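Please look over the sequence and the model shown below.

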Amino acid sequence: MPVSLHSSTGKASFDDIYDRPDPRQYYARMAELDYQIPELAKPHFQKLLDEYRSATGIATPAVLDLGCSYGVNAALLRLDTTMTELSGHYRGRDADDTAALLDRDRALLRSGDRLPGVRFIGMDASRPALDYGHAAGFLDEVVHADLESAEPTEAQRQTLAGADLIISTGCVGYITEHTLLRVARAHGGKLPWMAHFVLRMFAFDPIAAHLETLGYRTERAPGVYRQRRFASPDEQARVLNALAGKGIDTTDAESDGWLYAQLYLSRPKPGTEREH
């Protein structure tokens, strides 16, 4: 399969699989590349949920997933499943239409939702992916917006303002502080907690500096996390060159054939009046 690369990053582009009416092609392509980051992120998101509940007393917080596509993180968390199981759920369903897939997903969620009180909000640039995630029930509300270039509309702001936690697995770098600041400011007197898995080729420190002006303190969790295998030798070569240009050592990391991410946690500074 030919692989197109983003001119600015050298990273493979998968734009074509995000605009399908259902996620069959998405999961098939991600399975080919051993896409792991949503599953590796899941326990960290679960831990953050527990910590937020303990700190705020809010038993049923709302989670905003930036770059949610078809509601992947929501599905993993709500069904307590794996990427392999999700991929298998859609594999071999070529004879089904999208309506049949939606029926199966709704039934699966009705019988196996592990987080029935948690509300999931999805934001993405792909309307078909959002529509599917919402119709399947993985996403309770959706925001179709590009906040890199414009402020949210009042309706979008009100939806964003309902979020207590903000998560992402791979979209930071394509979105910047412009989006994150607009999302955080949508909450008025409240600062939602954030957890972002960010590819090592993208610097989060400049974003953290902007968030600090709102009252956040950001820390990077130890370790690195496999995102997926490189889609081609060309992609690996371009990414390795980009990392080398930033002075980032790829030994025992990207040189082994995988893209790697780091986890950044941004919470309100202690004593900040707008913590919750």
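How many of the residues of helix 3 are buried? The model is a predicted one, and in it 8 of the 8 residues of helix 3 (residues 72-79) are buried, so the helix counts as mostly covered.

## Helix 3

The buried residues of helix 3 begin with Val-72, Asn-73, Ala-74 and Ala-75 and go on with Leu-76, Leu-77, Arg-78 and Leu-79. A charged residue, Arg-78, is thus listed among the buried residues of this helix. After helix 3 comes Asp-80, which has a positive phi, near 50°. Helix 3 also supplies at least two residues of the lining of the largest pocket.

## Salt bridges

Across the whole structure, the search gives 24 salt bridges. One of them joins the side chains of Asp-22 and Arg-24, with 2.8 Å from N to O. Asp-22 and Arg-24 are both buried. Another joins Arg-228 and Glu-235, at 2.6 Å from N to O, and here too both residues are buried.

Arg-229 forms a salt bridge with Asp-34, with an N to O distance of 2.6 Å. Arg-229 belongs to strand 7 (residues 225-229), while Asp-34 sits in the loop between helix 1 (24-32) and helix 2 (37-56), so this bridge ties together parts of the chain that are 195 residues apart in sequence. Are the two partners buried or partly exposed? Arg-229 has a relative accessibility of 36% and counts as partly exposed. Asp-34 is partly exposed as well, at 30%.

## Aromatic pairs

The count of aromatic pairs is 10. In one of them, Tyr-26 and Tyr-27 are arranged edge-to-face, with 5.1 Å between the ring centres and 85° between the planes. Tyr-26 has a relative accessible area of 2% and is buried; Tyr-27 is also buried, at 3%. The rings of Phe-197 and Tyr-225 are 5.2 Å apart at their centres with planes at 85°, so this pair is edge-to-face too. Phe-197 lies in strand 5 (residues 193-199) and Tyr-225 in strand 7, so the pair ties together parts 28 residues apart in sequence. Phe-197 and Tyr-225 are both buried.

Which residues do ring pairs link into a cluster? The cluster holds Tyr-18, Tyr-26, Tyr-27, Tyr-70, Tyr-90 and Tyr-132.

## The largest pocket

The largest pocket has a volume of about 880 Å³. It is lined by 35 residues, and those closest to its centre are Tyr-18, Gly-67, Asp-124, Cys-171 and Tyr-174. Tyr-18 is also a member of the ring cluster.

Elements that each supply at least two lining residues are helix 1, strand 1 (62-66), helix 3, strand 2 (119-124) and strand 7. Sorted by class, the lining consists of 17 nonpolar, 10 polar and 8 charged residues.

## Trp-258 and its contacts

Trp-258 is part of strand 8. With a relative accessible area of 3%, Trp-258 is buried. Leaving out residues up to four places away in sequence, Trp-258 touches Asp-34, Gln-36, Arg-226, Arg-228, Arg-229, Phe-230 and Ala-253. Among these contacts are Asp-34 and Arg-229, the two partners of a salt bridge described above. Arg-228, also touched by Trp-258, is bridged to Glu-235.

Trp-258 and Gln-236 lie 22 residues apart in sequence, and their C-alpha atoms are 8.2 Å apart in space.

## Thr-250

Where does Thr-250 lie? Its place is the loop between helix 10 (233-245) and strand 8 (258-268). Thr-250 is buried, at a relative accessible area of 13%, which is under the 20% limit. When residues up to four places away in sequence are not counted, Thr-250 is in contact with Arg-200, Leu-240, Leu-243 and Ser-255.

Technical notes
Residues are numbered from 1 along each chain as its sequence is written. This is a predicted model: local features need pLDDT of at least 70, side-chain atom pairs count only at pLDDT 80 or more; totals for chains, interfaces and linings use all residues. Side-chain values use heavy atoms; hydrogens and water are left out. A salt bridge is a side-chain nitrogen of Lys or Arg within 4 Å of a carboxyl oxygen of Asp or Glu. Buried means under 20% relative accessible area, exposed over 50%, partly exposed in between (1.4 Å probe, protein chains only). Helices (H or I, at least four residues) and strands (E, at least two) are DSSP runs, numbered from the N terminus. Rings of Phe, Tyr and Trp (its six-membered ring) pair if their centres lie within 6.5 Å; planes under 30 degrees apart count as stacked, over 60 as edge-to-face and the rest as tilted. Contact means heavy atoms within 4.5 Å. On a 1 Å grid over the protein atoms alone, a cavity is a set of points where a 1.4 Å probe fits but cannot get out, and a pocket is an open set with protein on both sides within 12 Å along at least five of seven lines; lining residues have an atom within 4 Å of a point. Grid points are joined across faces, edges and corners, and a volume is the space filled by probe spheres set on the points.
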